[in-house]
Amino acid sequence: MGLSFSLSADTAQEQGLDLEPPVRMEEEMEVMEERVVEIEHPLPCLSESDTQGIIKGRDLFGYVGIEAVLDQMRRKTMKAGFEFNIMVVGQSGLGKSTLVNTLFKSKVSRKSCTPNYEEKISKTVHLQSVSHIIEEKGVKMKLTVIDTPGFGDQINNENCWEPIVKYVNEQYEKYLKEELNVNRKRRIPDTRVHCCVYFLPATGHWLRPIDVEFMRRLGKIVSIVPVIAKADTLTLEERLEFKQRIRQDLQANGIRVYPQKEYDEDAEDRILNDKIRENIPFAVVGTDKEHQVNGNKVLGRKTKWGIIEVENVAHCEFALLRDLLIRSHLQDLKDVTHNIHYETYRVKRLNENEHFTSRLPLMENRHV
């Protein structure tokens, strides 16, 4: 027969025993519930079956600091700077140099940088480039402007685009060789053409055969942005009709101009690029002279009817072109050059080398 006894707290205290007061069942249950609540919300994790899950800020326990990567990238870019290479193509007298100076609000064109420059029509197409370091708010950019004097200036302009095609491919080849070096540079100098601005004369008619042939060939290897030069020589109605005819010609001849629809990454890009495509080709006016308009200094061309404000969208589309080339799509132009045009050239060249290497044993056997 077993014996059971209980010792009260008062008795234990009298006998000098250290006995804790009894804990009720209800209190024990509350403690257990609190412990269960603590483990109901573990750290968010991805299951093996859901490797594409997204953990957003509201699901995190606290600040991680992922967004600081943007500041790191910004500081690194500001220290190293970046490169942008723009090519201007068109016959003499269309204002290529003036437009480039207007774009970057400085004398960056070949004519502006060449002392005692004299306008001479070249008998052949000679590509010339000039580079500048432009700094704005701590951001440095190495700008290279490639000019094509002699293009379209001859009576017979057959194959006048070949030196330009050759130059573009040579820059791809130069970059490829640097990439394939065993001990290559940490940062490969980038001389590839990121954008080609093609100047169309404001004739008000259709595209000329030279325009069609040039853009059809160059559109496959470089990003082309067509513009109507000296658009102030056309009325608004003539300008609208001319732009519509050019778009019809581009579509009929399968000419690829930037930005291409197949390169739109998402719906937001598509909406933005559709607005740009609606305005191509841009009707532009360039000038480096300032005038007073309502007490403000503006870039413009003075005529006897008034002042054509270059940056006023109601007067011309220079502001749209500037935003495309510099403020909204400059990095995209570089990405398209590297990921699309250069990649196409790289794959082609490596396939050619592989084919040549595979034929070497056959050639050696024949020689034997």
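Reader: How many aromatic pairs does a search of the whole structure find?
Author: In this predicted model, the search finds 6 aromatic pairs.

Reader: What makes Phe151 and Phe214 an edge-to-face pair?
Author: The ring centres of Phe151 and Phe214 are 5.2 Å apart, and centres within 6.5 Å count as a pair. The planes of these two rings stand at 65°; an angle over 60 degrees is edge-to-face.

Reader: Which parts of the chain does this pair of Phe151 and Phe214 tie together?
Author: Phe151 belongs to the loop between strand E3 (139–147) and helix H6 (162–180), and Phe214 to helix H7 (residues 209–218), so the pair joins parts 63 residues apart in sequence.

Reader: Why is the pair of Tyr198 and Phe214 called stacked?
Author: The planes of Tyr198 and Phe214 lie at 15°, with the ring centres 4.8 Å apart. Planes under 30 degrees apart count as stacked, so this pair is stacked. Tyr198 is in strand E4 (residues 195–200) and Phe214 in helix H7, 16 residues apart, and the pair links these distant parts of the chain.

Reader: What makes the charged end of Arg192 sit over the ring of Tyr175?
Author: The charged end of Arg192 is 3.7 Å from the centre of the Tyr175 ring, where the distance limit is within 6 Å. The charged end of Arg192 also sits over the ring of Tyr342, 4.9 Å from its centre. Tyr175 and Tyr342 belong to a cluster linked by ring pairs, together with Tyr172 and Tyr345.

Technical notes:
Residues are numbered from 1 along each chain as its sequence is written. This is a predicted model: local features need pLDDT of at least 70, side-chain atom pairs count only at pLDDT 80 or more; totals for chains, interfaces and linings use all residues. Side-chain values use heavy atoms; hydrogens and water are left out. Helices (H or I, at least four residues) and strands (E, at least two) are DSSP runs, numbered from the N terminus. A charge sits over a ring if NZ of Lys or CZ of Arg is within 6 Å of the ring centre and within 35 degrees of the ring normal.
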